[in-house]
Amino acid sequence: MTTYWINLVECQRVVNDLDALLEDLRTDFDKVNGNAESIRESLCSAEESSQYEYKATQLDSAVDDFVTSDLTDHFNGIESALRAKVSAMQDVVNYYASGDAEMAHQAWGTTDQMPEYVYPGSGAAHNTTAGDGYVPGHPARGNTEHPTYVPGHPAQGLAGNDGGTGADGNLGDTYATQQPFVDAEAARD
Amino acid sequence: MVKANAAEFHTVLPFYHTREDVYACLAPWTQEPPPASSGSAPAEDLHLNLAATRDRLDEIFSLWSEFRDYYGGADRDQVLTSMNDLVGQAMALEEGGALLAEAHATYVSEADSRGLAQVKSDNDSWAPGFVERYQQFEADDSSMSREEFEGKYGHDVGTERAELDKERKPFTTMASHVTQAIGEARDTYEASVNGIDLGDLSDLRFENRNEAVDVADSQEEVEQWIRDSEFFNDYDLTPSQIEDLAEQIYQGGNFDAEYFDAEGRGWVRGPDGRMVRAGSVMDPNLTEALFEAMARDDTMKDWELPIPPPEGVDPVDWTIGTAFGQGTSAASDALGKGLDVAGRRWLSGLLMGPAAMISFGFKGKDAGETKERETVMYPLMSTEDLEQRYNHNLLMAAIETGANTAVGGGLTFFSALSAVPSGGSSVVVAVIVDEITGAIIGYMVDELDESMTTWDADEVNELSDQELHG
């Protein structure tokens with residue numbers, strides 16, 4: 001049987017931390033325009049040869065364009081992609097937290113795509129200690145009436161380095177609701 | 001043109017034969033070299049600010065990788081790999097800044113040289129007197145009789161005109177040279193800036209050397225790394241200290257990553273910009289964890305670091321504790337995350353990739369210092385790997401410069417690109433010759449093309465684990 005799992009508390013914590021980092025993301029980049037102004041002040045002399053003044057003009061535009069257009073667009077692209085991805089992840093957390101996952105699960109009348117909630121405080125992959133023992137509907141696999149809370153979720157399938165979930169990839173194709181992470185960037189590709 | 005400052009273009013035609021000339025069309029005007037060197041610090045700062053931005057982004061990528069532990073939806077792989085493209089784009093930000101700074105440095109050397117300024121100054125001190133004499137000559141020519149003129153000048157008008165022309169000629173040539181040199185420097189700068197392609201720079205390169213792809217599978221393996229390490233050669237570690245350090249470095253084998261390939265293998269940006277496996281001896285997070293663990297240790301924190309301290313730090317205080325301990329961030333920041341500009345400057349001196357080696361030079365004493373720096377940069381690397389890596393970088397540097405280079409220890413490194421037969425994908429690129437006896441000590445064989453020592457993203461994603469480790 002295939003199971004999915006999510007640690008809502010930790011996922012929310014990571015999303016919050018990401019938001020905090022995004023807040024400060026521009027701090028250093030915002031200084032770049034000032035740097036570019038100073039660079040441009042050094043490109044031309046007070047007295048230029050009229051014969052070659054156009055070269056000074058072209059150089060000035062090239063530096064200006066590179067910083068205010070190329071670099072800035074490039075940076076803004078990264079920043080907005082990050083915001084979209086973090087926001088998509090917030091949607092994922094909301095999706096599982098709101099019970100939509102359970103509803104979708106019941107609507108499809110199936111049992112093996114239900115996310116397993118790693119109970120708050122139970123830790124994740126590296127913590128196999130049992131949680132506080134609240135296990136509604138447990139053992140619930142196959143139980144269509146309740147989401148499956150698994151305190152102290154065992155580490156199988158969670159190990160950080162295994163590169164996969166052990167999940168059956170076909171399932172996701174069949175039920176879009178099981179792939180709540182909507183990456184706007186990727187979708188555009 | 002958008003003027004960056006209040007400096008106005010005083011349109012002055014440069015040559016004496018033009019009517020608007022400052023020297024009454026009689027003497028050449030020399031263009032003022034641009035104050036390019038005053039833009040050197042801003043150009044460097046621009047690069048450093050972009051590097052700091054890149055570090056902020058790296059921190060985000062690492063943090064994102066934590067979802068690996070907390071999210072197991074069917075789209076988990078999509079979540080984990082969704083940062084991959086951005087990792088390359090983030091790197092391009094910094095590399096674009098580096099290229100701009102480099103282009104500016106070239107402009108400084110070409111357009112703001114002392115030589116050009118000297119020409120300008122010579123011209124300006126000569127021209128007014130010359131103009132005066134020339135105008136007097138013309139006045140005399142029109143007002144004096146031939147006898148009077150020859151009496152005053154000692155020869156006829158034609159000869160005097162020729163002499164004045166002769167005096168003026170070198171100044172005219174030099175003035176023209178200055179204008180041309182500055183114009184060419186601007187062409188070069190403009191072409192360099194226009195040539196910076198942030199899209200191309202976003203293509204990641206993945207190191208394929210063993211030290212970059214072999215990942216610690218156990219704490220015992222990390223202990224072995226420490227025992228084999230060049231860095232720890234000079235320190236006597238007890239078995240329990242080794243175990244303690246290894247435990248804090250290995251941390252259960254769950255290594256932060258920025259990039260996940262198709263096989264789910266995590267990668268991070270190595271110190272010289274190429275991607276290395278998370279959990280390899282080149283993983284900067286492991287390096288940081290190691291130094292921080294040492295800084296927490298009562299004995300090790302007092303050990304001196306065998307490299308020069310950053311500016312403003314007394315060498316006497318330059319211990320692992322002060323460099324990497326809590327509340328002191330210069331070194332740990334430089335090796336890890338959240339670099340400030342000062343930390344960056346220091347790190348850029350510490351880093352010894354092929355490019356840095358060229359600018360640093362690699363003769364005798366410098367070569368020794370380069371090795372010391374690499375020892376600190378990669379404290380978990382074995383003596384053997386460090387040596388190989390050093391030679392490899394030296395080789396790449398020699399390839400790039402085509403230079404014959406003294407490598408220290410009385411050895412000279414001769415570029416031999418065309419001199420020695422080669423076969424297959426490996427090419428003999430250099431011979432090492434004993435400076436005293438002239439004997440060939442050995443050949444250096446390597447691939448010329450960097451693409452043969454690294455992978456691109458597509459290649460990495462197609463590699464099985466077995467292929468990855470060659």
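**Note on a predicted two-chain model**

1. Read along its sequence, chain A follows the pattern β-α-α-α-β-α-α-β-β-α-α, which comprises seven helices and four strands. The model is a predicted one, and every value below should be read with that in mind. Of the 189 residues in chain A, 46% are buried.

2. Chain B has 470 residues, of which 52% count as buried, and its secondary structure comes to 20 helices and 11 strands. When the contacts in chain B with a separation of 6 or more are considered, residues 24 or more positions apart account for 63% of them.

3. The two chains meet through 78 residues of chain A, which are in contact with 77 residues of chain B. Between them, chain A and chain B bury about 6,900 Å², and 65% of this area is on carbon and sulfur atoms. On the side of chain A, the residues A:E47, A:F66 and A:H74 supply 9% of the area buried against chain B, which is more than any other three residues supply.

4. One of the salt bridges is formed by A:D28 with B:R56, where the closest N and O atoms are 2.5 Å apart. As for the elements of chain A that give two or more residues to the side touching chain B, they are β1 (4-6), α1 (8-23), α2 (26-29), α3 (32-41), β2 (47-49) and α4. Of these, α4(A) gives the most, with 23 residues.

5. The largest nonpolar core has 116 residues, and the members that touch the most other members are A:L82, B:F67, B:Y189, B:I226 and B:M294. Helix α4 of chain A (residues 53-98) contributes the largest share of this core, namely 18 residues. There is also a second, separate core of 13 residues, which includes B:Y23, B:A27, B:A127 and B:Y134.

6. Leaving aside neighbours within four places in sequence, B:I226 is in contact with B:F232, B:L237, B:I242, B:L245, B:A246, B:I249 and B:L380. The second residue, B:I60, is placed in helix α1 (residues 40-64) of chain B, and B:I60 counts as buried because its relative accessibility is 1%, which is under 20%. Not counting residues up to four places away in sequence, B:I60 touches A:L18, A:L21, A:L22, A:L25 and A:L82. Within chain B, B:I60 and B:V87 are 27 residues apart in sequence, and their C-alpha atoms are 9.9 Å apart in space.

7. On the cysteines, the count of disulfides over all chains comes to zero. Two cysteines of chain A may be noted for their accessibility: A:C11 has a relative accessibility of 0% and therefore counts as buried, and A:C44, with a relative accessible area of 11%, is buried as well.

8. A backbone angle in chain B deserves a check by eye. Most residues other than glycine have a negative phi. B:Q251, although not a glycine, has a positive phi of about 45°. This residue, B:Q251, is found in the loop between α11 (239-250) and β4 (259-260) of chain B, and B:Q251 counts as exposed because its relative accessible area of 54% is over 50%.

9. With a relative accessibility of 17%, B:S382 falls under the 20% limit and so counts as buried. A polar atom of the side chain of B:S382 lies 3.1 Å from the backbone nitrogen of B:D385. Not counting residues up to four places away in sequence, B:S382 touches B:D228, B:S229 and B:E230.

Methods. Residues numbered from 1 in each chain as written. Chains lettered and ligands numbered in written order. Predicted model: local features only at pLDDT ≥ 70, side-chain atom pairs only at ≥ 80, totals over all residues. Heavy atoms only, no water. Core = buried A, V, L, I, M, F, W, Y, C linked by side-chain atoms within 4.5 Å. Buried < 20%, exposed > 50% of the residue type's maximum accessible area, 1.4 Å probe, protein only. Contact = heavy atoms within 4.5 Å. Disulfide = S-S within 2.5 Å. Buried area = accessible area lost by both parts, 1.4 Å probe. Salt bridge = Lys/Arg side-chain N within 4 Å of Asp/Glu carboxyl O. Polar contact = N/O pair within 3.5 Å; in protein donor to acceptor, adjacent residues only side chain to side chain.
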